[in-house]
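Please look through the sequence and the model below before reading on. The questions that follow move from a single residue to the wider fold.

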Amino acid sequence: MAQHPLCLKLCEGASMASMDTSRCRYAPHHLVPTPRIMYRTPRINLPGLQRCRAESGTRASAVAREIPAEVSAAADSLESKKKKKGLETDPAVLWQRYVEWLYQHKELGLYVDVSRIGFTEEFVEEMEPKFQHAFKAMEELEAGAIANPDEGRMVGHYWLRDSKRTPNPFLKQQIDSTLDAICNFAENIISGKIKPPSSQTGRFTQVLSVGIGGSALGPEFVAEALAPDNPPLKIRFIDNTDPAGIDHQIAQLGPELASTLVIVISKSGGTPETRNGLLEVQKAFREAGLDFSKQGVAITQENSLLDNTARIEGWVARFPMFDWVGGRTSEMSAVGLLPAALQGIDIREMLTGASIMDEATRIPVVKTNPAALLALCWYWASDGKGSKDMVVLPYKDSLLLFSRYLQQLVMESLGKEFDLDGNRVNQGLTVYGNKGSTDQHAYIQQLREGVHNFFVTFIEVLRDRPPGHDWELEPGVTCGDYLFGMLQVWKWERRQLEKYWLFKSGSFLF
């Protein structure tokens, strides 16, 4: 599988004010270091982003809602400190900050650079007790503590990445046996051992996934980001109850409906939108003279309405969803693993990468924990109360759905009226975004000269094609170089800053 290193750049509004995005990489005019997070896409840490949110251990408050006086006072104090301090502009100080705060994980190829987020040492010290509380709470959750008092449920999506961490042998056996069953089933489908009954091709050629919310966003994102160019089975999604959208997907399948494996995903087994999609697909099968049960797969909780229907009607397969895995964190369960495996993605490798990242995010030191470091930046940039939104701009087509995935992962998790102690907090962090090279003009124009109501995470492509496949339009310039515009300015500027600092110090670091 080809690997494409990436770079995420976090930036607050004021730090963008002097950057001219219309300039190419050959005409930079300010010396600033490049904030970056780099990682290999086959090990994208989807669960780690969830951990980033969870480990912040903070409760933010919405501006337009009634909030407790002590919460409001703390937020006002934070905002006041930011106004007094401002963002650093001295090149030498910025370089020193870059060196001091750069996080590296060499095994995963992950680098986190937050030097353009202007948090202060005083702020870090102030947040330290909250982070220690969060680290302890996360340790308890992973050990099996009840995370949802109202429903008496554990939260264990991190066990999916490392079943040895489950609090009892029964859960470990459930996870391991499900993973083995998914791998075996996918292999039998791809090899043609399990065949559609009415297809002339003699094998399944398409996957149609029917689900909504967390049952769709994760699989859609991974399909765009990690699937090979020519997967063994192509995948389509019905993720809405829009009749025209459903008709379009079925029409696009055409005669291949007879060789389409339909995966129906619903944790409760009774989600209305998913049920509507299922009924529409079953109608299309009847009209085509096909037996849906011979091509249907259910992913749901055991003994749910969907599970019982699939069992009674004799569907091709059934895979479990566990009550301790929420929909928005279910990508590493059967919800995401089965569609990924059917597309030829190495799901065991994906789980291994996520597990390695989990280990990194268990370190109880903010500066050496990438998830905690991001949480620190998010909290600082949004004044601890969600006063600014987060824009995500990926400069790669395959990561276009990243912002949509993060919208649910972050906003559904943080958008709460009360905290676990019953205090009214009305907290949240709004997330949105689009494709970098296409939409940067609008977002960055607003960031530089408009209302400073958001901060940006830029996702840069560090290698456009696999090794040996690069091609230069002109000496030293590839097609991918034209993606970045202002990001290439940052590259040039950082190199000039490195030269400046080396000259000033009279030493050589590289």
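Q: Which residues does Ser266 touch, not counting residues up to four places away in sequence?
A: In this predicted model, Ser266 is found in the loop that runs between β9 (260-265) and α8 (272-287). Once residues up to four places away in sequence are set aside, the residues that Ser266 touches are Thr271, Thr274, Ile299, Thr300, Gln301, Leu306 and Met321.

Q: Is Ser266 buried or exposed?
A: A residue is called buried when its relative accessible area is under 20%. The relative accessibility of Ser266 is 3%, so this residue counts as buried.

Q: Are the rings of Phe221 and Tyr405 stacked or edge-to-face?
A: The structure holds 16 aromatic pairs. In the pair formed by Phe221 and Tyr405, the ring centres are 5.7 Å apart and the planes lie at 25°. Planes under 30 degrees apart count as stacked, whereas those over 60 count as edge-to-face. The angle of 25° between Phe221 and Tyr405 therefore makes the pair stacked.

Q: How many residues apart in sequence are the parts that Phe221 and Tyr405 tie together?
A: Phe221 belongs to helix α6 (residues 214-226), while Tyr405 belongs to helix α13 (residues 402-414). Both Phe221 and Tyr405 are buried.

Q: At roughly what angle do the axes of α6 and α13 cross?
A: Gly214, Leu217, Gly218, Glu220 and Phe221 of α6 meet Phe402, Arg404, Tyr405 and Gln408 of α13. The crossing in which α6 passes α13 is left-handed. The axes of these helices come within 9 Å, and they cross at roughly 145°.

Q: Over the ring of which residue does the charged end of Arg97 sit?
A: A charge can lie over a ring elsewhere in the model too, as Lys367 does over the face of Trp101, at 4.3 Å from the ring centre. For the charged end of Arg97, the distance to the ring centre is 4.5 Å, and the ring belongs to Phe119.

Q: What percentage of the 510 residues in the protein is buried?
A: The protein contains 16 helices and 18 strands. Among its 510 residues, the share that is buried comes to 52%.

Key:
Residues numbered from 1 in each chain as written. Predicted model: local features only at pLDDT ≥ 70, side-chain atom pairs only at ≥ 80, totals over all residues. Heavy atoms only, no water. Phe/Tyr/Trp six-rings, centres within 6.5 Å; stacked < 30°, edge-to-face > 60°. Helix = DSSP H or I, 4+ residues; strand = E, 2+ residues; numbered from the N terminus. Buried < 20%, exposed > 50% of the residue type's maximum accessible area, 1.4 Å probe, protein only. Lys NZ or Arg CZ within 6 Å of the ring centre and 35° of its normal. Contact = heavy atoms within 4.5 Å. Axes fitted to C-alpha atoms, helices over the stretch in contact; angles between N-to-C directions. Left-handed = near helix turned anticlockwise from the far one by under 90°.
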